[in-house]
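Hi everyone, thanks for coming. Let me put the structure up on the screen, and then we can walk through it together.

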Amino acid sequence: MSSYTQIKLDIADGIATVTLHRPEKMNAFTRTMMAEFIDALDVTDADDSVRAVIVTGEGERAFCAGADLTPEGGGHVFSDPNPVDDLSDERVRDGGGRLTLRLFNSKKPLIGACNGVAVGVGATMQLPFDIRLASDNARFGFVFARRGITPEAASSWFLPKLVGMQTALEWCMTGRVFDAGEALDRGLVRSVHPQGELMDAAVGLAREIADNTSAVSVAMTRAMLWRIGAGGHPMDAHRIDSRAIYRLSRSADAKEGIASFLEKRPPEYPDTVGQNMPDFYPWWDEPGYE
């Protein structure tokens with residue numbers, strides 16, 4: 001896409017910032033926002049200067065107030081308006097899920113800076129972020145049962161892994177909105193900050209990654225923890241660990257990591273995600289929608 005209308009993408013000093021940008025609608029989610037966000041992730045993945053991605057919302061009221069319930073021109077709110085007979089039809093696919101699956105496959109670490117209200121897809125889109133920070137006025141809600149639908153955006157997979165089954169069931173079955181303190185207590189967010197300090201805290205985390213780590217190591221680590229850590233046998237992890245250590249230990253980044261440590265200087269890692277991922281990456285077959 002040559003330009004965005006519902007998000008902003010800024011890239012500077014190794015950090016990309018995606019801002020959901022519909023302040024007049026509390027950054028409510030639309031199909032256009034989904035497509036633009038996915039396109040921005042394609043840009044950040046392809047740009048080897050980007051070492052971390054921060055996602056936030058415009059203003060101080062809302063990160064994202066969920067799906068736009070009053071879309072311009074009317075139309076169907078939660079799904080494609082076209083009737084289909086075959087539920088494997090691509091038109092059946094949930095827009096929030098399209099986005100979270102793309103977030104899941106990001107090669108760059110994702111840091112959420114939740115700056116206000118985050119309900120419905122505004123909450124579920126944050127689940128594939130690697131680290132989530134919240135402002136002290138943030139409020140979250142998995143409100144689907146109060147709208148007559150079910151959790152979406154693959155949140156039935158993500159949410160229990162982050163907060164445990166009991167909390168996931170409580171939040172989704174009651175559909176109640178809860179504050180940043182409860183989100184922190186239950187493990188949904190890493191930390192809570194005054195509104196004016198939220199982005200500085202997010203940038204500080206991104207800077208720590210960008211300034212001190214190998215891009216290839218971080219990309220591999222992200223894929224390994226999200227994909228292998230989700231279940232299966234520890235042998236699954238051992239196979240990939242062994243292959244990764246074998247390949248990466250012979251890399252220019254590994255040489256630089258050791259040299260910079262011994263020489264007590266900041267590292268200057270030469271390898272890039274675009275050129276130097278190990279030859280067995282990706283090691284999985286990406287499933288299709290059927």
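Let's begin at Asp13, which is found in the loop between S1 and S2. Helices and strands here are DSSP runs (H or I with at least four residues for helices, E with at least two for strands), numbered from the N terminus. Phi of Asp13 is near 55°, a positive value in a residue other than glycine. Most residues other than glycine have a negative phi, and most peptide bonds are trans. Is Asp13 buried or exposed? Asp13 counts as exposed because its relative accessibility is 66%. Buried means under 20% relative accessible area, exposed over 50%, and partly exposed in between, with a 1.4 Å probe and protein chains only.

A quick word on the model. It is predicted, so local features need pLDDT of at least 70 and side-chain atom pairs count only at pLDDT 80 or more, while totals for chains, interfaces and linings use all residues. Residues are numbered from 1 along each chain as its sequence is written, and side-chain values use heavy atoms, leaving out hydrogens and water.

Now please find Ala153, in the loop between strand S8 (139–141) and helix H4 (155–163). Ala153 also has a positive phi, about 55°, although it is not a glycine. Ala153 is buried, with a relative accessible area of 1%.

For the peptide bonds, look at Tyr281 and Pro282: a cis peptide bond joins them, with omega about -5°. Pro282 lies in the segment after helix H11 (273–276).

Next, helix H1. It covers residues 31–46, which is 16 residues. Buried residues of H1 include Met33, Phe37, Ile38 and Leu41. What do the buried residues of H1 pack against? Their partners are strands S1 (7–12), S2 (15–20), S3 (52–57) and S5 (110–114), together with helix H2 (95–104). Leaving aside residues up to four places away in sequence, Asp45 touches Arg102, Asn105, Ser106, Lys107 and Lys108, where contact means heavy atoms within 4.5 Å.

Finally, let's zoom out. The protein has 11 helices and 10 strands. Its radius of gyration is 20 Å, close to the 19 Å that the globule rule gives for 290 residues, so the protein is as compact as a globular protein of that length. That radius is taken over C-alpha atoms, and the rule is 2.2 Å times the number of residues to the power 0.38. Buried residues make up 45% of the 290 residues.

How values were computed
The expected span of a helix is 1.5 Å times one less than its number of residues.
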